[in-house]
Amino acid sequence: MSEGARRGTGRSVRGFFSGKWQWSLGIVLGSLILLFSGVMALLSTLLAPYDPTRIPEGLQGFSLLPPRGDHWFGTDLLGRDLLSRVLYGARISLLIGIVVELVVTPIGVIIGLFAGYFGGRMDSVLMRTTDAVMAFPALVLAIALTAVLEQPGLLSVIIVLTAVRWTTVARLVRGQVLSLREAEHIAAIVALGAGKGRIIFRHLLPNCLALILVAMTFGVASNILSEAGLGFLGLGVQPPMVSWGSLLAEGAVYLTVKPWLCVFPGLAITCTVLGFHVLGDGLRDVLDPRLRS
Amino acid sequence: MRNGSLLTVQDLRTHFFTGEGVVRAVDGVTLSVRPGETLGLVGESGCGKTVTALSILRLVPDPPGRIVGGTICFDGRDLLRLPEEEMRSIRGCAISMIFQEPMTSLNPVFTVGEQVAEGIRHHQKVSRREAWDRAVEVLRRVKIPDPARRAYEYPHQLSGGLRQRVMIAMALALGPRLLIADEPTTALDVTIQAQIIELLTGLQEEMQMAVILITHDLGVIAETADRVVVMYAGRVVEEASAEQLFETPLHPYTQGLLESLPKLEAGKRHRRLTAIPGLIPNLLDLPTGCKFAPRCPKVVGDCWPTEPDLREVRPGHWARCILA
Amino acid sequence: MRGYVLSRCGQAVPVLFGVTLITFLLTHVALGDPVRAMMGQRADPEVVARIRAEYGLDKPLWHRYALYMGKLLVGDLGYSYRQGRPVSATLAERLPATARLAVAAMVVALVLGMTAGIVAAVRHNTGVDLLMMTLSLLGISTPVFWLGMMLILLFAVSLGWFPISGYGDGAFGHLVLPALTLGALQAGYIARMTRSALLEVLRQEYVRTARAKGLKERVVILKHGLRNGILPILTLAGIGLGDLLVGAPLTETVFAWPGLGRLLVAAVGNRDLPVVLGATLLFALIFLAANLIVDLVYALVDPRVRLTE
């Protein structure tokens with residue numbers, strides 16, 4: 001009991017990064033799933049049995065084949081190998097998920113740190129803006145933004161998702177900073193007359209790292225789901241580029257007759273997102289023992 | 001062993017199975033309560049007083065806790081062998097319990113009237129209306145002013161003293177034969193402590209019930225208890241009538257407790273028992289012999305190898321010490 | 001209580017302002033010129049200019065925002081570029097279908113989620129707990145629309161229990177699969193939240209008091225436990241409504257459900273900006289209203305909020 005309580009003093013991050021790993025089932029399981037997805041995506045050029053854009057000669061014989069020995073996931077209307085397309089799609093979907101999170105996190109962290117630390121008018125303006133953005137269901141705002149941005153494509157997906165997804169981190173970090181400001185060791189540093197920048201980046205930020213790490217893990221999952229949604233609506237990456245979302249958009253037409261076109265890309269999304277969720281749960285349990293049940 | 005008792009706890013063992021090992025919170029406790037008497041249960045925090053009480057009601061949180069051995073005879077029946085259904089009909093009815101912290105022990109989202117009435121309704125299958133009326137009556141009995149109005153209030157609207165009166169009302173609503181009061185005054189202001197103790201002793205006489213009073217406040221024990229059981233590290237180390245115990249304490253631990261008591265000067269007796277040197281023992285890592293040996297001022301070589309038994313040193317006065 | 005209600009409503013005002021500012025800016029920072037897009041590159045410049053003036057596209061930004069707000073206050077969201085009808089009329093036509101779907105999905109989410117969460121908490125650390133938590137994890141990891149597709153394959157195509165898609169003039173059978181689809185994600189979140197909230201509450205001392213009174217375990221959990229645990233669940237349900245609306249465009253597209261979400265998607269395809277932004281704004285307003293309602297319900301459930309001035 002006492003051991004767990006000691007770990008829960010918010011400085012767990014240091015232990016976490018200094019190699020005192022505390023493995024949990026969630027971390028192991030989540031990492032394994034993600035390792036699998038990651039390797040598949042990175043090595044897609046090597047692993048894919050066919051060129052995902054190659055339209056075979058004698059199209060008739062290859063169009064819309066059900067899963068079989070030489071095409072494990074079947075083929076699409078143009079006779080392209082679905083397994084290869086899912087593997088290549090993994091690259092784009094994971095890329096979007098991770099890149100968006102890498103862009104969004106610093107934005108959200110800065111906004112959250114400033115709002116929480118300076119309080120007052122700065123806090124009001126930043127948080128009311130955050131509230132306003134959050135009032136829109138994320139995907140609805142993303143759709144509207146795509147409409148405004150003329151041509152959908154890889155870049156527009158990243159821009160649009162960035163615009164709607166920074167709010168979560170901002171909120172979380174602000175909350176953490178508010179509670180940290182009350183904490184004794186931070187109050188002591190303030191009393192010692194440390195500069196603002198020093199307090200924010202040397203003391204507040206490190207204490208938020210655990211939270212940020214967990215939020216990023218869940219964030220990537222959320223981004224992948226959002227990309228899939230946009231892609232499904234035809235607002236994601238455009239051909240010849242493939243992502244899991246755009247594969248589902250193509251397959252949706254044949255849902256009731258050639259279901260495999262939807263089943264496999266969807267399974268890929270679900271497994272990967274599940275991996276991030278399991279990892280996130282595991283990280284949270286380890287980094288924040290108060291939440292452990 | 002003791003005849004004519006209402007409750008007999010024999011060799012009770014309640015252990016907690018934690019990630020760091022088995023905590024033997026209660027390890028072979030034997031005690032008994034006669035009808036109508038007040039038994040004081042004394043010791044530092046963590047000595048197993050509360051776990052003993054929770055074991056009697058079979059309310060030890062499981063997991064991690066479990067009663068692994070012993071018997072608890074109440075009114076001729078072994079409570080540990082009763083089916084859960086029957087045990088429930090005893091809880092809050094024949095045996096009630098008052099907890100230490102009235103703020104957290106009352107549910108914040110229900111009116112106090114409802115919290116008193118629900119027990120009545122549950123055990124006696126009376127109508128909502130009648131249960132409420134009787135709840136108001138009980139609230140009056142514990143001397144809550146204007147009970148008909150107060151019954152509609154929520155715990156956060158009452159003062160600490162009134163909340164503890166509500167707790168007492170809940171416990172006494174069905175006229176229990178045994179009341180277990182776990183540190184009923186610790187969380188309260190000094191002036192209110194006396195009122196609550198007075199209320200409890202008054203009601204005890206009126207209702208002819210037995211009371212197990214758990215406390216670390218020997219002053220309260222001196223005023224109210226007939227007999228006293230002193231616990232240390234999950235064991236009984238001394239048992240005697242109140243007079244015997246205060247006059248000739250046999251166990252060095254009891255002696256330490258009494259010495260740390262500021263000679264019963266008025267207004268000072270709420271001092272906590274922290275004056276015995278040394279730390280409260282870690283239940284995961286106890287010495288093999290006498291558990292008090294590491295802190296004992298009179299320790300001798302023979303204290304270490306084996307743990308002494310609880311011996312009847314004088315008639316009715318038991319102690320677990322080779323020097324007694 | 002009245003102070004609480006007023007302050008909650010007061011807090012919504014700046015957010016409302018921000019929301020309208022966002023939709024306004026989106027309308028007018030739009031890179032493309034909708035009139036030109038509508039009329040084609042070869043349109044007569046004079047005609048284009050006249051139509052632009054008609055839509056107010058030639059005025060400075062601040063002026064247009066003032067006009068925009070003035071119109072908003074009387075429910076005027078402009079005219080659809082495509083249909084030439086008032087956007088508000090189109091939205092009003094589509095709102096009931098989405099509302100029906102959202103409410104049904106929320107009911108699904110609350111019922112499934114809370115049941116799973118309660119069962120998991122009561123059977124804490126058993127196989128049942130693991131099963132419930134695995135299911136809810138799947139619920140939050142599956143893309144909404146893909147779940148919809150799989151439900152169609154299983155229950156509509158293979159088993160034939162429900163229609164594949166469509167509104168069916170409001171027939172109940174048509175509502176089941178879309179509601180399940182849209183509710184599944186929230187059910188997952190609510191199950192996880194219910195479980196942890198209930199486990200937390202069941203550790204509280206007043207639960208021990210309730211047990212000490214000899215109450216049945218069912219009463220202890222459902223009355224004393226849930227009544228306290230429901231507050232965080234309520235908050236989550238409010239936020240969850242936002243997430244639920246996220247799924248609306250997708251679910252409505254999968255099931256050909258004639259609601260706001262599908263209208264939005266279609267309008268994006270048509271580059272019909274007034275409709276896009278009108279629908280977007282309406283989604284935000286629904287979300288804000290729902291959160292306000294949740295806050296008020298919160299106050300009704302928790303006497304500590306209700307009785308504090």
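**Contacts, core and overall form of the predicted model**

Leaving out residues up to four places away in sequence, Gly168(C) touches Pro163(C), Gly173(C) and His174(C). In this predicted model, Gly168(C) is placed in the loop that lies between helix H7 (144-158) and helix H8 (172-202) of chain C. Because 13 C-beta neighbours are found inside 10 Å of Gly168(C), this glycine counts as partly exposed. Lys213(C) stands 45 residues from Gly168(C) in sequence, and the C-alpha atoms of the two residues are 53 Å apart in space.

A residue of chain B falls into the partly exposed class as well: Gln195(B), which belongs to helix H8 (residues 190-207) of chain B, counts as partly exposed because it has 16 C-beta neighbours inside 10 Å. Between Gln195(B) and Pro184(B) the separation is 11 residues in sequence, and their C-alpha atoms are 11 Å apart in space.

Strand pairing in chain B may be followed from strand S1 (residues 7-18), which pairs with strand S4 (residues 65-74) in the antiparallel sense over 8 bridges; within this chain, Phe16(B) has Gly65(B) of S4(B) as its bridge partner. S4(B) and S5(B) form a hairpin with 2 residues between them, and in the turn Asp75(B) has a positive phi of about 60°.

In soluble globular proteins, nonpolar side chains tend to be buried together. The largest nonpolar core of the model contains 258 residues, among which Ile143(A) and Ala135(B) touch the most other members. Since domain 1 (2-72) and domain 2 (94-301) of chain C both give residues to this core, it lies between them. When neighbours within four places in sequence are set aside, Ile143(A) is in contact with Leu233(A) and Leu235(A), and also with Pro249(C), Leu264(C), Val265(C) and Val268(C).

Considered as a whole, chain B has 11 helices and 12 strands, and its C-alpha atoms fill a box of roughly 65 × 45 × 40 Å along the principal axes. A compact globule of 324 residues would have a radius of gyration near 20 Å, so the value of 20 Å for chain B agrees with that expectation. Of the 324 residues in chain B, 47% are buried. Among contacts in chain B between residues at least 6 apart in sequence, 65% join residues that are at least 24 apart.

Key: Residues numbered from 1 in each chain as written. Chains lettered and ligands numbered in written order. Predicted model: local features only at pLDDT ≥ 70, side-chain atom pairs only at ≥ 80, totals over all residues. Pairing = 2+ DSSP bridges. Helix = DSSP H or I, 4+ residues; strand = E, 2+ residues; numbered from the N terminus. Buried ≥ 20, exposed ≤ 12 C-beta atoms within 10 Å, placed from the backbone. Contact = placed C-beta atoms within 7 Å. Core = buried A, V, L, I, M, F, W, Y, C linked by C-beta atoms within 7 Å. Domains from an automatic or database assignment. Rg over C-alpha atoms; globule rule 2.2 N^0.38 Å.
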